[in-house]
Amino acid sequence: MTDLDKLIAAVEAGGVTNEHLPDSLVAVWQPIVDALSGSLDAALRLHDALLPVWVVENLGNAIIDGTGGWNVRLVAHDYLETFAHATASAKTPASAWLLAILRAIKAKGAP
């Protein structure tokens, strides 16, 4: 399991500490924490910093474990990443967006 996989698992579990942080993401630690706390502004800053050619294709309501939640789908709009996409579901829109960002980074190979 890579450091990024550990961070994704921690975000999914809702309990992130700096021990989960890969060295490559140290510069964006605070937006990660803020997005996990529900800040859409932080998720947007993180998205813009790490995935500049990706767009939010879908952000909508979902049913997660029988209760309300959010789905996010990110898509790369760059000729080099034509078919790249990442999806996530979580209880809050910011957490779902954060998970989708981290999964996109994993799909790309590095931030």
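This is a predicted model: local features need pLDDT of at least 70, side-chain atom pairs count only at pLDDT 80 or more; totals for chains, interfaces and linings use all residues.
Residues are numbered from 1 along each chain as its sequence is written, and side-chain values use heavy atoms, leaving out hydrogens and water.

**View 1. The whole chain, from one end to the other.** Let's begin with the overall layout. The protein chain has four helices and three strands; here helices (H or I, at least four residues) and strands (E, at least two) are DSSP runs, numbered from the N terminus. Along the sequence they follow the pattern α-α-α-β-β-β-α. Of the 111 residues in the protein chain, 42% are buried, where buried means under 20% relative accessible area, exposed over 50% and partly exposed in between (1.4 Å probe, protein chains only). The chain exposes about 6000 Å², and carbon and sulfur atoms supply 54% of that area; accessible areas come from the Shrake-Rupley method with a 1.4 Å probe, and for residues only the protein chains shown count as cover.

**View 2. The largest nonpolar core.** A nonpolar core is a set of buried Ala, Val, Leu, Ile, Met, Phe, Trp, Tyr and Cys residues joined through side-chain atoms within 4.5 Å. Which residues touch the most other members of the largest one? They are Leu-25, Ile-32 and Leu-102, out of 33 residues in this core. At least two residues each come from H1, helix H2 (29-36), helix H3 (40-50), strand S2 (67-76), strand S3 (85-90) and helix H4 (93-108). H4 gives the largest share, nine residues.

**View 3. Helix H1 and its buried side.** Leu-4, Asp-5, Leu-7, Ile-8, Ala-10 and Val-11 are the buried residues to look for in H1. They pack against H2 and H4. Take Ala-10, which lies in helix H1 (residues 3-13): this residue counts as buried because its relative accessibility is 5%. Its C-alpha atom is 9.7 Å from that of Leu-21, eleven residues apart along the chain. Just after H1, Gly-14 takes a positive phi of about 85 degrees.

**View 4. Where H1 meets H4.** Two packed helices are described by the angle between their axes and the distance between the axes. The axes of H1 and H4 come within 10 Å and cross at roughly 165 degrees; axes are lines fitted to C-alpha atoms, for helices over the stretch in contact, and angles run from 0 to 180 degrees between N-to-C directions. H1 and H4 are therefore roughly antiparallel to each other (angles under 35 degrees count as roughly parallel, over 145 as roughly antiparallel, 65 to 115 as roughly perpendicular and the rest as oblique). On the H1 side, the contact includes Leu-4, Leu-7 and Val-11, and on the H4 side it includes Leu-98, Leu-102 and Ile-105; contact means heavy atoms within 4.5 Å.

**View 5. Ser-95 and the meeting of H2 with H4.** H2 and H4 pack at an angle of about 140 degrees, with their axes 7 Å apart, so they are oblique to each other. Here Ile-32, Ala-35 and Leu-36 in H2 meet Ala-94, Ser-95 and Leu-98 in H4. Is Ser-95 buried or exposed? Ser-95 is buried, because its relative accessible area is 10%. Leaving aside residues up to four places away in sequence, Ser-95 touches Ala-35, Leu-36 and Ala-90.
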